[in-house]
Each structure stands twice: as structure tokens, then as C-alpha cells.
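Student: I am new to this structure and would like to go through it with you. Could we look at it together, one question at a time?

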Amino acid sequence: MSDAIVHTSDANFEQDVLSSEGPVLVDFWAAWCGPCKMIAPVLDELAQEYGDKIKICKMDVDANKQTPAKFNIRGIPTLIIFKNGSAEGTKVGALSKAQLKEFIESNL
């Protein structure tokens, strides 16, 4: 796991994501989810590549029930980009690195 990725929780979501200065990509995931495991190394790479341009956070939906419910997370992985405290873009399912980059670029 990359040091560039923030592991957020129900308790820290407001501070880590909603109050963040710049855009934040949140990966809603679970340990048992195969596609979540597939995109984890890609998110690590992107966190390194983008640096301060976008913050990347991960939230374990099994350990945190309130926040995923607020954003109607039905399937995982669900990736949501937040800007200024509001959800700007959502993707559900495993994406390739190219698709993830395109999603991030279109929301920067």
C-alpha cells in the first residue's frame, strides 16, 4: 500500500474528503472484493503520479457503514471524485489505468 493513499473512515471522512482543499478520489472497497484488489496497485501508481494534484482515499465499506450509505454505494469498487465537498463524478467497477486516468483528468 502506498503512503500516498489516505485510508479514511466514517469518523474522518468530513476532514479527509469533504473539507479537502483540492479534488479527492475516494475508492469504496472491501477486502473480499476481487475487482477492488485488481485496481489497488493502479491507484497506488496514480497516487504517486498525480502527487498533490488529487488526493486519493480508500474507504473499507465493511468497516464503515454510514458514509457508503450516504452516497448510495451499491456495488464495489465505486470511485467518486469530490470537489469542494460535493460528488462530481462516479465510476462503478474495476477500471484500467487508462480509464482511471481519463476519469481523473475529466474531473480535475
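Student: Is Cys33 buried or exposed?
Tutor: Let's start with the cut-offs: buried means under 20% relative accessible area, exposed over 50%, and partly exposed in between, using a 1.4 Å probe and protein chains only. Cys33 has a relative accessibility of 3%, so Cys33 counts as buried.

Tutor: A quick note before we go on: this is a predicted model, where local features need pLDDT of at least 70 and side-chain atom pairs count only at pLDDT 80 or more, while totals for chains, interfaces and linings use all residues. Residues are numbered from 1 along each chain as its sequence is written, and side-chain values use heavy atoms, with hydrogens and water left out.

Student: Which residue forms a disulfide with Cys33?
Tutor: A disulfide is a pair of cysteine sulfur atoms within 2.5 Å. The sulfur of Cys33 has a partner 2.3 Å away.

Student: What is the handedness of the link of Cys33 and Cys36?
Tutor: Look at the angle about the S-S bond, which is 80°. With that value, the link of Cys33 and Cys36 is right-handed.

Student: Why is the sulfur of Cys57 too far for a bond?
Tutor: Cys57 is buried, with a relative accessible area of 0%. The closest cysteine sulfur belongs to Cys36, and it is too far for a bond because the distance is 16 Å.

Student: How many salt bridges does the structure hold?
Tutor: We count a salt bridge when a side-chain nitrogen of Lys or Arg is within 4 Å of a carboxyl oxygen of Asp or Glu. One of them pairs Lys97 with Glu45 at 2.7 Å, N to O. By this rule, the number of salt bridges is 4.

Student: Which helices hold Lys101 and Glu49?
Tutor: The side chains of Lys101 and Glu49 meet in a salt bridge, 3.1 Å from N to O. The pair ties together parts that are 52 residues apart in sequence, because Lys101 lies in helix α4 and Glu49 in helix α2. Helices here are DSSP runs (H or I, at least four residues), numbered from the N terminus.

Student: Which residues do salt bridges that share partners join into one network?
Tutor: Lys97 also meets Glu49 in a salt bridge, at 2.5 Å from N to O. Lys97 is partly exposed at 27%, and Glu49 is partly exposed at 41%. Through shared partners, the network joins Glu45, Glu49, Lys97 and Lys101.

Technical notes: Helix = DSSP H or I, 4+ residues; strand = E, 2+ residues; numbered from the N terminus.
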